[in-house]
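Here is a short briefing to read alongside the sequence and the model. It goes through confidence, packing, a sheet and charged pairs in turn.

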Amino acid sequence: MPANKKEIAIIGNGCAAAECIKALRENGYNGEIHIFTDSRWPIYNPMLTTYYVSGKIDFDQLFPYGKEQFYKKYNVHLHPGSPVVELDHDKRMVVNSNGLKLNYDQCLIASGASPFLPPIEGIDSSRVYTMRNVDDAVRLKETLREKPRKAIVIGASMIGIKIAELFYQQGLEVCLADLAKHIFPLAAHPECARVIEKRLIEKGIKLRLGAAIKKIVETEQGIEAYFKNSSENEKADLLVICIGVRANISFVDQEKVEVKQGILIDNQMRTNLPGLYAAGDVAQGRNILSGEHEIIGLWANARYQGRTAGRNMAGKKETFPGNIPHNITHFMGMDFIGIGDIYHYDKTEKKYDNKTFIQLFWKDRLLSGANFLDTYTKAGALKYALANRSITSTKDCSYPLPVIHDMLIREILTEVKQRERYSASAQKQNSCS
Ligand SMILES: Cc1cc2nc3c(=O)[nH]c(=O)nc-3n(C[C@H](O)[C@H](O)[C@H](O)COP(=O)(O)OP(=O)(O)OC[C@H]3O[C@@H](n4cnc5c(N)ncnc54)[C@H](O)[C@@H]3O)c2cc1C
């Protein structure tokens, strides 16, 4: 290898990796790029797995970046089907399970996250499923061909509800259970959650909330789930676990790389070690609202982080200030939007007309979170306002709170003003350069 030849290693093959590759090439990096992935598939979108299982999209639509042509176009060496098992950043070396070793100059960790499986009896049953990757989707789709009649979904989260919806639409009887006392425990305030729960029950979904699974037993007929503090077990043909994910960091030396739940990164996606970057669901970037570092497991967030890492690795100076937790989901004829922090507030205001539900939350005189059900009204403006902390004075947000309608109007005006300011400064920068 010529002494001046540059090597970049990318661990993982998701959207964070893809955006990093694009940014590297688009910003003038012309050295080698190696992708290491445990998957045999090209870059897929985990969000679309339930749509593939339900038949709403074809198999090929799981791959938004295309297939082999992506790696050809960006001149990438792909090492598929073999997970990285060791990362020695002192030696700048990555090793995969096939024993392939690569010395690199810079490395991006973009290995995403995997479903968390609770350590309970019966969790390894062949009737237990998870949903994250292409193989999970293929497996569940095959099972549905056998026409099961009833399914249990553990985890009333954003993923759990999509799985429940999928089964409901396929005509299965569904039981949705969660340790939490209400649905969408991280994104919905209990008041909004109650409205959603009522509608789900009306559709025939059985809800078991405040129910912690303790054991799974495989029987000749199917599967039985047992819950703590309950004598009522649940019988079904299959069970899907969706109780959260864990960052894929088994190959990371945590004595050297700073890790909490994920790998800690700054606003340039740098870890604490020079030349080592992280992006996507494996990384803990900044939550703009709280100022804390946390994993914000969202597709767009992973893409922004991957792109920012790529530009910096190509020698540009690029920052991504962080994100705010937000969930936007359509399920069973409902649209739910949860933005920001809906737990730590000192004022809240709610509007419910039996059809649409809006609830806003304020903390320290700043808008801090919002729930919307069946209305998109100004949700985008609110998210923008939240991310930009645009209500910054008591003058802008005086107590007692203004009515929601006035508030939304103010938000939009604020957003417009900010966008104007931003485009004016961008224009100024362009004319200077
Ligand atoms: C069912 C479902 C629904 C979702 N819905 C939404 C939604 O509505 N909106 C939204 O914004 N987000 C949603 N998400 C989350 C979103 O898909 C993720 O935030 C995003 O895909 C993260 O991208 P990533 O590149 O960080 O990780 P991933 O897409 O997980 O890619 C990481 C890759 O690294 C590989 N890998 C792992 N370990 C290793 C290793 N040791 N060596 C080599 N390779 C490794 C993995 O196999 C994987 O291919 C959903 C996810 C799921 C599963």
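Is lysine 206 buried, partly exposed or exposed? At 31% relative accessibility, lysine 206 counts as partly exposed; buried means under 20% relative accessible area, exposed over 50%, and partly exposed in between (1.4 Å probe, protein chains only). This is a predicted model, in which local features need pLDDT of at least 70 and side-chain atom pairs count only at pLDDT 80 or more, while totals for chains, interfaces and linings use all residues. Residues are numbered from 1 along each chain as its sequence is written, and side-chain values use heavy atoms, with hydrogens and water left out.

**Confidence**

- The chain averages a pLDDT of 89, and 86% of the residues score at least 70; pLDDT is the predictor's confidence in each residue, from 0 to 100.
- Over residues 391–405, pLDDT stays under 50. For that stretch the model has 32 contacts beyond four places in sequence, where contact means heavy atoms within 4.5 Å.

**Nonpolar cores**

- The largest nonpolar core has 50 residues. Such a core is a set of buried Ala, Val, Leu, Ile, Met, Phe, Trp, Tyr and Cys residues joined through side-chain atoms within 4.5 Å.
- Ile10, Leu87, Val94, Leu108, Ile109 and Ile263 have the most contacts inside this core.
- Elements giving two or more residues to the core include β1 (7–11), β4 (84–88), β7 (106–109) and α7 (299–313). Helices (H or I, at least four residues) and strands (E, at least two) are DSSP runs, numbered from the N terminus.
- The largest share of the core, 7 residues, comes from α1.
- Apart from this core lies another, of 45 residues, with Tyr44, Val134, Ile205 and Leu238 among them.
- Leaving aside neighbours within four places in sequence, isoleucine 109 is in contact with residues including Ile11, Leu87, Phe251, Ile263 and Tyr277.

**A three-stranded sheet**

- An open sheet of 3 strands runs in the order β13-β14-β15, with antiparallel pairing. Two strands pair if DSSP finds at least two bridges between them.
- β13 (213–218) and β15 (234–236) stand at the edges with a single partner strand each, so one side of each has no neighbour in the sheet.
- β14 (residues 223–227) is joined to β15 by 3 bridges, and glutamate 224 has lysine 235 in β15 as its bridge partner.

**Salt bridges**

- The structure holds 20 salt bridges; each is a side-chain nitrogen of Lys or Arg within 4 Å of a carboxyl oxygen of Asp or Glu.
- Aspartate 135 meets arginine 40 in one of them (2.9 Å, N to O). Aspartate 135 lies in helix α4 (residues 134–145) and arginine 40 in the loop between β2 and α2 (49–53), so the pair ties together parts that are 95 residues apart in sequence. Aspartate 135 is partly exposed at 33% relative accessible area, whereas arginine 40 is exposed at 57%.
- Arginine 132 and aspartate 281 also form a salt bridge (3.0 Å, N to O), and both residues are buried.
- Glutamate 234 pairs with lysine 206 (3.1 Å, N to O). The pair links strand β15 to strand β12 (residues 206–209), with glutamate 234 and lysine 206 being 28 residues apart.
- Glutamate 234 counts as buried, at 3% relative accessibility.
- Lys150, Lys206, Arg208, Glu232 and Glu234 are linked in a network of salt bridges.
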